[in-house]
Amino acid sequence: MAELTLTGARKSFGTINVLHGIDLAVKDGEFIVFVGPSGCGKSTLLRVIAGLENVTSGEVHIDGERVTHLPASERGLAMVFQSYALYPHMSVAKNMAFALENMGLKPAEIEARVARAAAMLRLTDYLDRKPKALSGGQRQRVAIGRAIVRDPKIFLFDEPLSNLDAELRVATRKELAALHAKLGGTMIYVTHDQVEAMTLADRIVVLNAGRIEQVGTPLELYNRPSNAFVAGFIGSPRMNFLPAVVMSDDGTLRLSVGEREVALPRAASGLVAGANVTLGIRPEHIDVAPDNGMLAATVDLVEQLGGETFIYASAPGLPQITLREDGQSQFYRGDAIAIRFAVDHLHIFDATTGAALARP
Amino acid sequence: MATTRLSSLLGQRRNGQGRPLHWTDVAAYVYLALGVVLMFGPVLWLVMSSFKTESALLEFPPSALPFAQVEVTVPGQPQKLPLFRVTLPDGTVRQLAQVRRIGLIAQMVDPANPSQQFRVAIDKREPVRHIALATENYGEPLQRFAFLRFLSNSVFVTLVATLITLLINSMAAYGLAVYQFPGKQVATIAVIGTLMIPMTIILVPVYLVVTELGLTNSLWAVILPGAATPTGVFLLRQYMLTLPKDLIEAARMDKASEWQIYWRIVMPLTLPALAVLAIFSIMWRWNEFLWPLAVLTKTEVYTLQIALNAFQGELQTQWHYLLAMTVVTLIPVALVFVFLQRFITTGIGSTGMK
């Protein structure tokens, strides 16, 4: 149970800068998810918090106490590794007890804590087994159990689900959410999977190239991304980005999109005529119009998932557009369709900087 | 079990079990058989010879099996006489005992009828022999030469030196494998570089150091100088480098001290490499000769190898004892190999990682 504050945390390996000044405050009991593409520095950031890497400059505070140069063993944090990092020569019980022994607890106390964690994670029957005799999901739970028994200030998770198969990943994700509700500890979770981020997080930190792009609740990021990167990263399938030129913005936003001119009735947002912008619209906010719609397009590919359908269509002069339809679709490859955007959900980004110019 | 295994081994063919012999099969078997002869021939010869009597050892041409000449007691003769099969001038073949030999003529007697004497040319007689194991080759030195003392000295040196070697080398290897520090590469190369310095070159300086420390004629003089081996450090370091870094970091997160990480995480996982080093160390120490010869001059601190050397005098060598005791010194190393050898190939393979 603890707060964490990072101030201007920078990390470089030799001449390569991995983190460029991270400022972040994590509240007590919060579930924070670091998300970003691979190589964005999210794992490094987690290791900096853990104390496995030292910051090049900047400060780390836990509960108001400066821990910037404290080694990992003295920070009182627990970490679940992507590889689980279970000690292969120790039984499950020994794995969980190892940290407690190092803390100098009495054997009875250790046994009680291990038993409690094992019961919580349904590992009681496997306490005497070695890690190699466990399935992937069980190993995962042992790794989590090893963190739980410690009763740490902050739980750190480094892509803990990436080695599980899809089905198990969904199940474990739910268990983690339940665990957080039960334990109420501060948790910091690193993933590249935006679904995990959306489902688990109280707040998501989107990282890109060593910088924080945006911090916010999952729906804030989904509804009001502050730039094109966040907009593209959150949401699946990803948001459609269509290059456009502003014609006029005086109550009706007129844009030149591809070969068509689109008029969107919406309040003026101060866009300058002639400006190059990127139109952002999520697949679920585009549908097939019964009339002429806004754009004419040709169906390239239809993915029927039963409950929903994804249609990939191309319009002249534009990148491929993805539409999501509820239920099952009657369209086939090569069909000509007219599409329209839900104007209330349209995002407009600066074409060069990617910053959001007008948000819904 | 063993025979079925052997027959299935010998039944292996290039194109699968039971196919006709291909010329490469023949080549392979010839090559392997040659290897077996080269490897086991000398050992077998040694064991056979160690059971020969002193005189049988000096016989030419040598025989493979330990034969001894039959000796008989003849009434009227103070000593036992060697028995020969003699072809007499009339063509009859009789077994006669030799009383004495003068030049090319042997004076012989019939054991059944001692009064009858014969003079026989020595190329007309052939010794009558039987297979006899000269077990006294083993028994006598064990009693007379305090061989058990030498054995216990050797065991002490080997065990203690191996334990120290494992401990020190694994610590150095841990430092060179796990930590990042300036000069790490230089340190590693320096350690490996010492491999190129032969023992003979540093023999005198090390001897001076040992003398200054007052260790001469103590077993510690044999144990300590060679305790840190570059080979061991290198071997263990390479193995430790393959251990997942996550494990060490997980231990750090688990509040383990560096000693605990070394002792409770890294050491158990390095067991296969430690076993290999243990085997090497045991062999090195058991067979070590030059250095103990230099620092051990009193009989009571002799190790086996030095004691064996003592059978080899300036004027004569007691081959029968030397061979028998060589067999005795081989046994422990052979046993070590039999029991530890599986560690060389099998490792604690699973690391708990996916």
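Two residues are in contact if their C-beta atoms, placed from the backbone, lie within 7 Å. The model is predicted: local features need pLDDT of at least 70, side-chain atom pairs count only at pLDDT 80 or more, and totals for chains, interfaces and linings use all residues. Residues are numbered from 1 along each chain as its sequence is written, while chains are lettered from A and ligands numbered from 1 in the order in which they are written.

**Exercise 1.** Describe the surroundings of A:Ala356.

Solution. Step 1: leaving out residues up to four places away in sequence, A:Ala356 touches A:Pro225, A:Ser226, A:Asn227, A:His347 and A:Phe349. Step 2: A:Pro225 is 131 residues apart from A:Ala356 along the chain, yet their C-alpha atoms are separated by 7.3 Å. Step 3: a residue is buried if 20 or more other C-beta atoms, placed from the backbone, lie within 10 Å of its own, exposed if 12 or fewer, and partly exposed in between. A:Ala356 is buried because 21 other C-beta atoms lie within 10 Å. Step 4: A:Ala356 belongs to strand 21 (residues 356-358) of chain A. Helices (H or I, at least four residues) and strands (E, at least two) are DSSP runs, numbered from the N terminus.

**Exercise 2.** Find the domains of chain A and the contact between them.

Solution. Step 1: domain bounds come from an automatic or database domain assignment. Chain A has domain 1 (4-233) and domain 2 (240-358). Step 2: taken over C-alpha atoms, the centres of domain 1 and domain 2 of chain A are separated by 38 Å. Step 3: domain 1 of chain A brings 7 residues to the contact and domain 2 of chain A brings 8 residues.

**Exercise 3.** Which parts of chain A touch chain B?

Solution. Step 1: 23 residues of chain A are in contact with 20 residues of chain B. Step 2: on the side of chain A that touches chain B, strand 6 (77-80) and helix 2 (92-103) of chain A each supply at least two residues. Step 3: helix 2 of chain A gives the most, with 4 residues.

**Exercise 4.** Examine the backbone at A:Pro237, A:Glu159 and B:Lys255.

Solution. Step 1: the peptide bond from A:Ser236 to A:Pro237 is cis, with omega near -5°. A:Pro237 sits in the loop between helix 8 (228-233) and strand 11 (240-249) of chain A. Step 2: A:Glu159 is not a glycine, but has a positive phi of about 40°. A:Glu159 is in the loop between strand 7 (154-158) and helix 5 (166-183) of chain A, and is buried, with 21 other C-beta atoms within 10 Å. Step 3: B:Lys255, also a residue other than glycine, has a positive phi near 65°. The loop that holds B:Lys255 runs between helix 10 (245-253) and helix 11 (258-269) of chain B. B:Lys255 counts as buried because 22 C-beta neighbours lie inside 10 Å.
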